[in-house]
Amino acid sequence: MKKPPLRTAALAGAVTLGLLLAGCSGSGSDSGAGSGGRTTVTFWGWAPGYADAVKAFNRTHTDLRIDYQQVQPGAKGGYQKTLNAVQAGNAPCLAQLGYETLPSFAAQGALQDVAEYADAGKGDFFDASWKSVSVGDAVYGVPVDTGPMALFYNKKVFDSLGLKPPATWAEYKADAKRIHAADPHKYISSPYLDYDYAGLAWQNGAHWFGVDGDSWKVSLASGPNRQVADYWQDLVRTGAISNAPMYDQAWYKGLGDGSIATVVGAVWQAGVIKGGAKDGAGQWAVAPMPRWSAGDERTGNAGGSATAVLKGCESPKAAVEFAHWLSTDRTAYGILVDKAGLYPAAEKLTDLPQLSAADPYFGGQKISDVFAKAAPKVDADWTWGPVMTKTAADLDDGLGKAWAGNGTIADALRTAQDKTVAELKHQGLKVSG
Amino acid sequence: MTNLATARDTAPARRAAPRRPGRGPLAAGSRTRGAAGRRRTPLLFWCPFAVLFAAMYLAPIVYAAVSSLFVVHRSGLGLTAPTKVFDPIGNYTHAFGDGGFTSSLGRVALFGVVQVPVMLGLALGLALLLDSRSARAKGFFRLAGFLPYAIPGVSAALVWSFMYSPQSSPVNHLLEPLGLHVPFFSGGTVLWSVANIVTWAWTGYNMVIIYAALQSVPAEVLEAARVDGASALRIAWSIKIPAVRGAIALTAVFSIIGSAQLFNEPVVLQPVSSGAISSVFTPIMSAQAAVAAGDYPYAAAQSVVLAVLVGVVSFVFFKLTNRGEQA
């Protein structure tokens, strides 16, 4: 194999620098790592609770030791650090990786196919979660958590107008109009961007990406996507959508004072709403995500993450063994539920006692019942794209405008698709369709 | 502190000093070594700088420039590690054909052409006011003007995002009864909303530099002008401003570079801007987007283009202002 010339240049630079350094200092000392009989696997992650789960593993296992190192959350620098480490050849064996980012890592050659070790555990996980750790036939890790979606709604607002939580999107639209007509300062929802919007598309089987042999399919502007886009566009047109951006102070204020009546969001949104909109305590409740038609039980998903095996891992079998344990051990996962609010990707863990507590914020409702029913109904054919950060940014450029009434959501999707296809072709990736 | 440290370090050397002049019996034998040592000694002092300079300054620039000459190439699904192919113009032709990147260059150019003169005009005016004989509480105003610069850029931008945000803007709240509404985030105004933050943050800083330069104007020259009956305005125009030309040119070059590197403010405002600030609003944001797409060499190429353009503009600007001075 030919050495990439860039690496040669970098090497030359490093050597020159090294000579300079050597000329200026005395002799350095090499540090040798002593190794015991146990295999050690390094694991980078950030979710609170991982450190404790790893401690529990190390206490109960004698042949394998996990060295957990906390890094910045992915989007805040953790992913970049991990990618750089893979390029530099000093990456850990395992890393926490969001589903939406996993294919981007894979498409940079940063992940290791561990199908031969991981496939045995496939049956333990929801189909959609398993799909999220694979690209084509390759499997790159073990799913940890998942984000089945539901409808968070301000029951007080709905009750005051004599409304029931909408079972279909048609009812949702009717309720949106009722709420806005009754009080022009009240809105059904805030705008959804990138991965939150993706959850709405996901429910309708409106895939953004797909894998076809050895080429990527990009379909943000497909028919099913158009249907979702036009639906929300119509709500924008009628003025039923607030202009408070999600996760902004204005959004939390709106959730607390009833001016934003619903959030269509994943299970972890419960913690976000609870933490950010304290004034709304006791007013909020959770219902299943509205359906496109009665009897159609498909649900969307937003978020979720995996323990992925990075390129260069020397003990992939051991790494997978730990990753599977982390995702399926009841004690370990109990810690993750308590500390990080994760929702298990392993089907048999959905009855964990830590999940099933009644929540006074949600009027004493056992909200996990809704999500336990939703999780198996998540469409299992969703695939994330190979340059997801860029696709999401390009999409948000258009969506931000569309929600504000400039341009349309459908055009935003079309533009994001065109830009993504151009980027993939520029990098030499194969695109079909 | 430095003096103390040097004194401590040189103390043993001083004690050994009497041996140095070469009168003792050891002198002859140590002569050759001494000569070599004399050649080595400056080198030794130079080394820490050279290493840091090479490692922290030259190496990244060279690395970026070299990597911009390679094009990332993947194939199929891209599941094997990407290769880098030598193609010295590939990234550059892509950059100039990339509408997002070229319009970001145009945007910061427009920004610089408008914002830099406005800001420096303000800074010069404030510095002259501070320097005028009738100014009171100079220390207070100098500090007050400088204060915005002391606030971290990101924190300041967060506060401004609150001021601009359609939901919370106190400005629009006050104007509401008058039927007025300032669209801070419309397509046409958003650049000036950003310019406003930058002006707020940096006027005081530039004012302090110009004010410092004003202090070096000889008092007798000003005195002579006053004796000749020149008004304060006339003195400012004909003596003070020409005297601080150098400082103004310096702040202008800093500001040009700052405009080209615009990043913090638009990034902080982006989430509340209803899409008016795109992910490739400025050249650095555009390079960041390339990094996000895993295309480091393309990001490097964009950075090189930006650096060269800034270098050329700064150079031309310096040449122009210098020529004026010599004429």
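In which sense do β7(A) and strand β8 of chain A pair, and over how many bridges? I looked this up first. The two strands pair in the antiparallel sense, over four bridges. The model is a predicted one, and I kept that in mind throughout.

**Entry: the sheet in chain A**

β7 covers residues 209-212, and β8 covers residues 215-218. I then picked out one facing pair: A:Gly210 stands opposite A:Lys217 in β8(A). Next I followed the sheet across. It is open and has three strands, in the order β7-β8-β12. The pairing is mixed. β7 and β12 (431-432) are the edge strands, each pairing on one side only. I also checked what lies over the sheet. Helix α17 of chain A, residues 409-426, lies across β8 and β12. It runs at about 165° to β8(A).

**Entry: the domains of chain A**

I noted the division. Domain 1 takes in 37-146 + 303-349, and domain 2 takes in 148-301 + 359-432. Their centres, over C-alpha atoms, are 27 Å apart. I looked up the contact too: 18 residues of domain 1 meet 24 residues of domain 2. On the domain 1 side, α4 (102-106), α6 (127-132) and β11 (301-309) of chain A each supply at least two residues. I sorted that side by class and found eight nonpolar, seven polar and three charged residues.

**Entry: chain A against chain B**

I turned to the two chains. Here 46 residues of chain A are in contact with 42 residues of chain B. Which elements of chain A each supply at least two residues to its side? They are α1 (5-24), α4, β8, α16 (388-403) and α17. I noted that α16(A) gives the most, with 10 residues. By class, the chain A side has 24 nonpolar, 13 polar and nine charged residues.

**Entry: a helix pair in chain B**

Last, I looked at helix α4 (residues 99-131) and helix α11 (residues 245-260) of chain B. Their axes come within 9 Å and cross at roughly 145°. The crossing is right-handed. I listed some of the residues that make the contact. α4(B) contributes B:Phe111, B:Gln115 and B:Met119, among others. From α11(B) the contacts include B:Ile248, B:Thr251 and B:Ile256. How many charged residues does this contact have? I found no charged residues, with 11 nonpolar and five polar.

Note on methods. Residues are numbered from 1 along each chain as its sequence is written. Chains are lettered from A and ligands numbered from 1 in the order in which they are written. This is a predicted model: local features need pLDDT of at least 70, side-chain atom pairs count only at pLDDT 80 or more; totals for chains, interfaces and linings use all residues. Axes are lines fitted to C-alpha atoms, for helices over the stretch in contact, and angles run from 0 to 180 degrees between N-to-C directions. A crossing is left-handed if the near helix is turned anticlockwise from the far one by less than a right angle, and right-handed if clockwise. Two residues are in contact if their C-beta atoms, placed from the backbone, lie within 7 Å. Ala, Val, Leu, Ile, Met, Phe, Trp, Tyr, Cys and Pro count as nonpolar, Asp, Glu, Lys and Arg as charged, and the others, Gly among them, as polar. Domain bounds come from an automatic or database domain assignment. Two strands pair if DSSP finds at least two bridges between them.
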